[in-house]
Structure formats: structure tokens, C-alpha cells
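Me: I have a fold to go through before I set anything up. Can you walk me through the sheet and the helix packing?

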Amino acid sequence: MNRPCQESPFYDGDRPTRSGEPDLDSYDHILVAFSGGKDSMACLLHLLELGVSRKRLELWHHRIDGADGALMDWPVTKDYCSTIAAYFGLPIFFSWKEGGFEQEMLRDRSPTAPIHFEAPDGLHTVGGLGPQGTRQKFPQVSGNLAVRWCSAYLKIDVAAAAIRNDPRFAGKRTLVITGERAEESPGRARYATFEAHKADRRAGKALRHVDHWRPVHAWAEAEVWDIIRRHQVNPHPAYWLGFGRVSCMKCIFGGPNQWASIRALDPDGLHTIAQYEETFGVTIHRTQSVMERANQGQAYPMVSSKWRDIAMRKRYSEPVFLEHWEYPDGAFGESVGPT
């Protein structure tokens, strides 16, 4: 049974202290970019261990496929994130680019789509009037966000647009929390742990002060799983299936075993991606198609377990708190991801 957590009652150990933390009490709003993956979960739990007031804390989740699409992401992710938010007594706000990943990928001499974002006073829509552009290809496996456009257009820019266009942040101090870790890649190792956010306008007319903190940037994966274990939180179903990181279900960085697992989980979805590669004449991997990659790998053993159905449905009804916590198959496994 899921039980509302008021003050992390299932954690009764010593709270670790870390240097370099900003003055969290100085912020009016603290926004956690919450994918449902282990690193964003670690960020949330770390903030709760630090005693951050829930009145200033909220979760933000960017819907990669938009409001109605179903091409790239895990079907269960949205409801999993909502369930976690409800369990910890926190608000969660969703945002997305109209048409999601697929519409942006299919752009042909047209502007990028409008952005929709939820706020306490309702749904807002901004943008959609920019310059014309053409993509007609998948994001490319690169550390360059200009060609790996999925992160920039469907997450980073969406969050920045929501902050810029929501008047509740004007004249306030806001802290944005994201879960990138240096251990993940050489590129992420170069990220600043603390910096001004791209939506910051502390010197502008709105006096909108927005900082960006990556609290788990220096953490090893073992530390991430340790905080989840301490709170006995049930990880995202993808980890139980054997996936080492929770980004999109069909992440462009996926290795052969991940694509083989996708074929076992969602053969129609993999076929759709393969068809797009043929239409564009450009594969995700550049030198190999997704089908070739899948043929080189082996599906994770757990894709035939009960977690297959749990991950592939839109409702999440599993317990959030696990009386007997154990590492999922994906812990310390393949974590193919950003360079």
C-alpha cells in the first residue's frame, strides 16, 4: 500500500552533510526536474533529508511525446511520477512541446511547435511563432545539443519557457534542480555544479532570480542507489526490467542489448523507428540501423517478467514503499547515455 510520507518517516539514519550546498532557505521556489529515474529521485530524497520545506518544493516532468504521443517514452512514466509526487505530498507540474518528439522530428519548413506547461493557476501555452526549420531526422548520438536536439527542445527549452512565462517567478528567487552526474560521461563531468539558470533575469525588469544546482553531480552510482535504499522507494519499472538508466524508453544512446530489449517489449514501436530511419535515409547510430543494433544484442532476462506489463501500461499501481528493498536488475548495469 502506498502511504503518504510527511517527513520521510522511513529514513531514521544519520543525515549526511555535504559542502557546496546553496542556501536553500533563501529560495521562494525549488523546482526538481523529475524524470522518474534514479538520479532525479536521489535529488528529491537528498532535498528531503536536508529538511527543505515541502511548501517551496515542486516536481517538474517534461512529457517527451507530448500530451498524446506514444513513440519514445515509457508508457508508465507519467503515472509513476505522479504517484511518487502524491506519496511525498508534493505538487507535480507537467510540460510538453505540442506534438512532442515526433512532431519536432518531422518538421519540414515550419516553426517549432508551441510549448504547454501546467502551473497552479492552470495550463499555459507559449511560442510556436519562431523561424521555419527542417529536421527530418532523429537526434544524433552526440554531446552537441544542436544535433542531439531532443534534450534541448523537449526538456531544457521547455523548462526555461515555463519559468520565463509564469509570472509567479517574477521578483522571486527560484532554484532549479537537475540530476546530471559527472560519472555519467566526460561531457557531464564538465558541467558546473552551481550556476545561473538560462531563464535567469536577475538584472532584468522582472528581477527573476533563477539558479541551477546539480546536487548529485559528484555522486557515484552507489551513492544514488544508497539513498533510494535508505528511503526504501520502489524504483521505476524500467530498472526492474534491466535498464541501467531511465531516460526515454527508446533512447537514441541505447546499446544493442537495449534495442534487443525494446524489440521484445514493443516490436511495433521499434518497427516505426526503423521505418523512419529508412524514410529519412539517416539512422540514429549513423553507421547502423536500430534493427541491426537489436540483432547484435540480447534482450534483458527480466523483459519476460511481470515488470513488462507494468512498464508498458499507463497506470502505475505498484507500492511506492518496499518493506523488503532490493536492488533492481538494472542497478549498476548498462547505463548507455549522453557523451
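Me: Start with β4. Is it buried or exposed, mostly?
Reply: This is a predicted model. In it, four of the five residues of β4 are buried, so the strand is largely enclosed by the rest of the structure.

Me: How do β3 and β4 run, and how many bridges join them?
Reply: They run antiparallel, joined by three bridges. Within β4, Ile115 stands opposite Lys97.

Me: And on the β5 side, how many bridges?
Reply: Five bridges, with β4 and β5 paired in the antiparallel sense. Glu118 stands opposite Leu123 of β5. The link from β4 to β5 is a hairpin through two residues.

Me: What's the strand order in the whole sheet?
Reply: β5-β4-β3-β2-β1-β6-β8-β7, which is an open sheet of eight strands with mixed pairing. The edges are β5 (122-126) and β7 (194-196); each has a single partner strand, so one side of each is left without a neighbour in the sheet. From one strand to the next, the twist averages 25 degrees.

Me: Which way do β6 and β8 run, parallel or antiparallel?
Reply: Parallel, with five bridges between β6 (residues 173-177) and β8 (residues 209-213).

Me: Which strands does α4 touch?
Reply: Helix α4 (residues 149-165) packs on the sheet and touches β1, β2, β3, β4, β5, β6 and β8. Its direction makes about 135 degrees with that of β2.

Me: Switching to helix pairs. What angle do α8 and α9 cross at?
Reply: Roughly 120 degrees, and the axes of α8 (residues 256-265) and α9 (residues 267-280) come within 5 Å. That angle makes α8 oblique to α9.

Me: Which residues make that contact?
Reply: From α8, Trp259, Ile262, Arg263, Ala264 and Leu265; from α9, Pro267, Leu270 and Ile273. By type, that is seven nonpolar, no polar and one charged.

Me: How far apart are the axes of α1 and α6?
Reply: They are 9 Å apart, and α1 (residues 38-49) packs against α6 (residues 221-231) at an angle of about 60 degrees. The two are therefore oblique to each other, and their crossing is left-handed.

Me: What's in that contact?
Reply: α1 brings Lys38, Asp39, Met41, Ala42, Leu45, His46 and Glu49. They meet Glu221, Val224, Trp225, Ile227, Ile228, Arg230 and His231 in α6. The contact residues divide into seven nonpolar, two polar and five charged.

Definitions and conventions:
Residues numbered from 1 in each chain as written. Predicted model: local features only at pLDDT ≥ 70, side-chain atom pairs only at ≥ 80, totals over all residues. Heavy atoms only, no water. Pairing = 2+ DSSP bridges. Axes fitted to C-alpha atoms, helices over the stretch in contact; angles between N-to-C directions. Contact = heavy atoms within 4.5 Å. Parallel < 35°, antiparallel > 145°, perpendicular 65-115°, else oblique. Nonpolar A, V, L, I, M, F, W, Y, C, P; charged D, E, K, R; others polar. Left-handed = near helix turned anticlockwise from the far one by under 90°. Buried < 20%, exposed > 50% of the residue type's maximum accessible area, 1.4 Å probe, protein only.
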